[in-house]
Amino acid sequence: MNILMTNILDLAAGLGLYDLWAKHHLQGIHRMLIELADIGDGGQVLDVGCGTGIFASLLTETSKNIGVFGIDTGRRMIRISQRRARKNGHTISYTVGSATELPYAEGQFDVVFSCMVFHLLDPPEQESALKEICRVLKPGGKYVAAEFEEYPAGFLGRRTLRYPVSLTKKCGFHIDSEIRGPFVTKRRPTTYRVLVKPEIYG
Ligand SMILES: C[S@@+](CC[C@H](N)C(=O)[O-])C[C@H]1O[C@@H](n2cnc3c(N)ncnc32)[C@H](O)[C@@H]1O
């Protein structure tokens, strides 16, 4: 995990800076994710790397009768998410934890989301996270992601991290759709993917 970047994000969240940035830059991305997921009424939904809970709150407001869960490694992120849920009267279950080791049962969720998280994970962690997302999804469930295609990492950005699309097949996913959409910065394209866990898995 890019610990430095993750700690900076967590600190920025504690200072209220992350929310200022996210509300401005991620609103279109969050709306697009909800549109692509086409959730309907009911079901269990997980946001992996939920940050300060802006997206999970939007999910609660836009979909009826769904159970919403969020997980993030940032303690401050989760504290702010819980505060936001209390303030808005939302019932959302938040946990401090990692995408690489999800504390949920196999087949628990109908839909899992990730938004701008995979560029913070090293390749072995990306693989573990994808396997975990697949494990916690119901057969036929959807993984809906908005992720940078490429992101500079390592010392002075000399390494490039890519969203591990080739691994998604290895992890058992079938790609339902793959499109470009709203982005955070023009220099780094964001790809939206709807990946489906096969009905017969394993
Ligand atoms: C750019 S923020 C995006 C937050 C959120 N998805 C949103 O749309 O506002 C990336 C988030 O991923 C979290 N993160 C990084 N590594 C993680 C991991 N291994 N497991 C879960 N969350 C992680 C960070 O703490 C941070 O909150």
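Leu36 lies in helix 3 (residues 27–37) of this predicted model; helices here are DSSP runs of H or I with at least four residues, strands are runs of E with at least two, and both are numbered from the N terminus. With 21 C-beta neighbours inside 10 Å, Leu36 counts as buried. A residue is called buried if 20 or more other C-beta atoms lie within 10 Å of its own, exposed if 12 or fewer, and partly exposed in between, with C-beta atoms placed from the backbone. Residues are numbered from 1 along each chain as its sequence is written. Because the model is predicted, local features need pLDDT of at least 70 and side-chain atom pairs count only at pLDDT 80 or more, while totals for chains, interfaces and linings use all residues.

**Leu36 and its surroundings**

- Apart from neighbours within four places in sequence, Leu36 is in contact with Val144, Tyr192 and Val194; contact means that the C-beta atoms, placed from the backbone, lie within 7 Å.
- Leu36 and Tyr151 are 115 residues apart in sequence, and their C-alpha atoms are 23 Å apart in space.

**The whole chain**

- The protein chain has 7 helices and 9 strands.
- For 202 residues, a compact globule would have a radius of gyration near 17 Å, and the 16 Å of the protein chain agrees with this. The radius is taken over C-alpha atoms, and the globule rule is 2.2 Å times the number of residues to the power 0.38.
- Along the principal axes, the C-alpha atoms fill a box of roughly 45 × 40 × 30 Å.
- Buried residues make up 41% of the 202 residues.
- Of the contacts with a separation of 6 or more, 72% join residues 24 or more positions apart.

**The largest nonpolar core**

- This core has 54 residues, and Val48, Val112, Phe113, Ile133, Tyr143 and Val144 touch the most other members. Strand 5 gives the most to this core, with 6 residues.
- A nonpolar core is a set of buried Ala, Val, Leu, Ile, Met, Phe, Trp, Tyr and Cys residues joined through C-beta atoms within 7 Å.
- Leaving aside neighbours within four places in sequence, Val48 has contacts that include Ile71, Ala99, Val112, Phe113 and Ile133.

**Helix 6**

- Helix 6 (residues 123–136) has 14 residues and should span 20 Å at 1.5 Å a residue, which agrees with the 20 Å between its end C-alpha atoms. The expected span is 1.5 Å times one less than the number of residues.
- Its buried residues are Gln126, Ala129, Leu130, Glu132, Ile133, Cys134 and Val136.
- These buried residues pack against strand 1 (44–48), strand 4 (109–115), strand 5 (137–148) and helix 7 (165–170).

**The shell around the ligand**

- Of the 25 residues around the ligand, Gly49, Gly51, Gly74, Ala99 and Cys115 come nearest; a residue is near a molecule if its C-beta atom, placed from the backbone, lies within 6 Å of it.
- The shell divides into 16 nonpolar, 7 polar and 2 charged residues. Ala, Val, Leu, Ile, Met, Phe, Trp, Tyr, Cys and Pro count as nonpolar, Asp, Glu, Lys and Arg as charged, and the others, Gly among them, as polar.
- Helix 1 gives the largest share of the shell, 3 residues.

**Positive phi angles**

- Most residues other than glycine have a negative phi.
- Asp38 has a positive phi, near 45°, and sits in the loop between helix 3 and strand 1. With 11 C-beta neighbours inside 10 Å, Asp38 counts as exposed.
- Met116 has a positive phi, near 60°, and sits in the loop between strand 4 and helix 6. With 20 C-beta neighbours inside 10 Å, Met116 counts as buried.

How values were computed. Contact = placed C-beta atoms within 7 Å.
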